[in-house]
Amino acid sequence: MAPVPPGIRFLASFNRDQWYKAFTFALTFLLYTSFHLSRKPISIVKSELHKNCSHVMRAPTESSSGQQPVLHPELDCSWKPFDRNNYKQLLGAMDYSFLCAYAIGMYLSGIIGERLPIRLYLTVGMLTSGLFTCLFGLGYVYDIHSLGFYVFVQVANGLVQTTGWPSVVTCIGNWFGKGRRGLIMGLWNSHTSVGNILGSLIAGYYVSSNWGLSFIVPGVIIAAMGVICFLFLIERNVRCSSNTGRVHSSQTLQQIDLIQEEWLIRSRAVTHQLHESFTHSCECCASVCPSVSRCYSVTQVYPAVCLQGVVEFSLCLLFAKLVSYTFLFWLPLYITKAAHLDAKKAGDLSTLFDVGGIVGGILAGVISDKMGKRATTCAVMLLLAAPTLYGFSMISQFGLGPTIGMLLVCGGLVNGPYALITTAVSADLGTHKSLKGNARALSTVTAIIDGTGSVGAAVGPLLAGLLSAQGWDQVFYMLMTADFLALLVIHKPHAHFKSSEAMQSEKQAEI
């Protein structure tokens with residue numbers, strides 16, 4: 001009998017639960033990759049909506065008459081209404097409309113996500129996001145030049161895209177425990193950068209010939225992934241029968257209904273206990289909301305706000321995400337203007353920032369696991385990011401080689417803290433012992449932290465559009481200031497917040 005190949009033995013060494021974990025990891029990775037893939041095209045298309053198309057044309061008799069070249073200004077070249085002199089403000093307003101809707105919707109999304117099945121909630125969000133992304137591209141197909149149309153599409157897309165993050169984080173948190181969470185989440189969170197890279201490449205491929213397809217193709221992709229989500233996403237670790245697709249149990253359907261009813265009663269009891277425990281946390285609430293006279297009024301709406309570190313990390317993410325999303329929406333246009341490249345080459349070059357972001361997110365997770373201190377890791381990377389941003393603004397003027405190197409370094413230092421806070425830190429706080437095992441609270445904690453960060457994501461591109469009219473140096477000064485502010489607000493949890501692994505090791509040492 002022939003020996004079993006080593007590869008087959010390796011695959012057979014994993015049990016069914018491990019295969020389900022790997023499948024959920026890969027599926028949620030691809031699902032959120034498609035979200036970011038559909039957000040990226042607007043930054044690539046900006047340089048096409050307003051072209052630097054002043055060019056010199058000579059009259060037919062120019063060669064014989066020796067007339068001077070006739071300068072034709074940017075007329076009938078840029079896409080109306082972005083052909084005006086205030087095009088940067090108009091483009092910034094589009095970014096702001098999307099991100100402001102995203103920030104507002106994120107707070108609501110966490111609450112709604114707790115009460116609906118994750119699979120259905122995420123599926124509807126992805127299908128509608130694909131619809132609105134395609135609608136933006138159809139503006140090119142049907143020759144639409146109304147600013148109100150594009151702003152409406154951006155607002156609607158921003159609202160429906162809030163279904164993504166709380167859902168996938170809750171799902172991945174349900175499947176993976178606290179062991180090596182920084183590494184696992186660091187690897188998993190690279191979907192953000194992978195989506196940005198793919199979105200840049202797809203949008204860049206069509207931008208010069210038909211920029212409408214730069215939106216339509218990503219819109220179709222995210223809608224298709226929504227169908228895959230509906231068919232295959234497993235929300236939490238349950239035993240499934242491969243033959244019937246039903247819950248693997250000897251219970252009858254009536255007994256299963258009784259179990260579900262009992263689970264619902266218990267979950268309500270846990271919620272009641274949470275409410276009771278947090279109404280006694282007045283000291284915490286007083287420090288978070290000094291203007292609020294009664295702790296009850298705060299904890300009744302958001303008990304998770306009183307968790308130690310939630311407010312500090314939320315504010316830190318606000319400034320960190322401000323920097324990250326400014327690069328997301330404005331880096332290709334900056335490269336076009338600074339390096340004098342066309343839209344496709346600038347889009348391709350901007351992907352290096354996301355390549356650095358992948359490495360930075362993984363390193364941040366690994367280092368925080370080893371040290372057991374999430375806040376310290378964030379603080380060090382933020383401290384290094386500010387001078388690096390200044391260096392990038394200077395070096396980007398000295399050629400392609402130095403620009404490539406600085407893009408990689410900036411991407412790692414800017415996206416490292418952002419990735420760590422939105423994944424491992426959110427999961428640590430969402431599974432805090434004071435929540436008494438309420439797994440669905442993870443969705444609310446994630447929504448609070450990412451929703452606050454999204455406020456910064458909305459403000460950053462808007463400020464970039466306003467400040468860039470005075471020179472790109474002003475934009476980089478704004479980004480460096482945001483990094484220093486993020487460092488200041490993270491200083492408080494730096495002293496007391498520890499990762500779940502560090503707390504477990506301390507308990508074992510005491511025993």
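Tutor: Helix α2 passes helix α8 in a left-handed crossing, where left-handed means that the near helix is turned anticlockwise from the far one by less than a right angle, and right-handed that it is turned clockwise. Helices here are DSSP runs (H or I, at least four residues), numbered from the N terminus. This is a predicted model, in which local features need pLDDT of at least 70 and side-chain atom pairs count only at pLDDT 80 or more, while totals for chains, interfaces and linings use all residues. Residues are numbered from 1 along each chain as its sequence is written, and side-chain values use heavy atoms, with hydrogens and water left out.

Student: At what angle do the axes of α2 and α8 cross?
Tutor: Axes are lines fitted to C-alpha atoms over the stretch in contact, and angles run from 0 to 180 degrees between N-to-C directions. The axes of α2 (residues 16–39) and α8 (residues 164–175) cross at roughly 165° and come within 10 Å. That makes α2 roughly antiparallel to α8 (over 145 degrees).

Student: Which residues in α2 and α8 meet?
Tutor: Contact means heavy atoms within 4.5 Å. Among the residues that meet are Tyr20, Phe25 and Tyr32 in α2, and Trp165, Val168 and Trp175 in α8.

Student: How far apart are the axes of α15 and α16?
Tutor: The axes of α15 (residues 310–339) and α16 (residues 343–371) are 9 Å apart, and the two helices pack at an angle of about 130°. Helix α15 passes α16 in a right-handed crossing.

Definitions and conventions
Angles under 35 degrees count as roughly parallel, over 145 as roughly antiparallel, 65 to 115 as roughly perpendicular and the rest as oblique.
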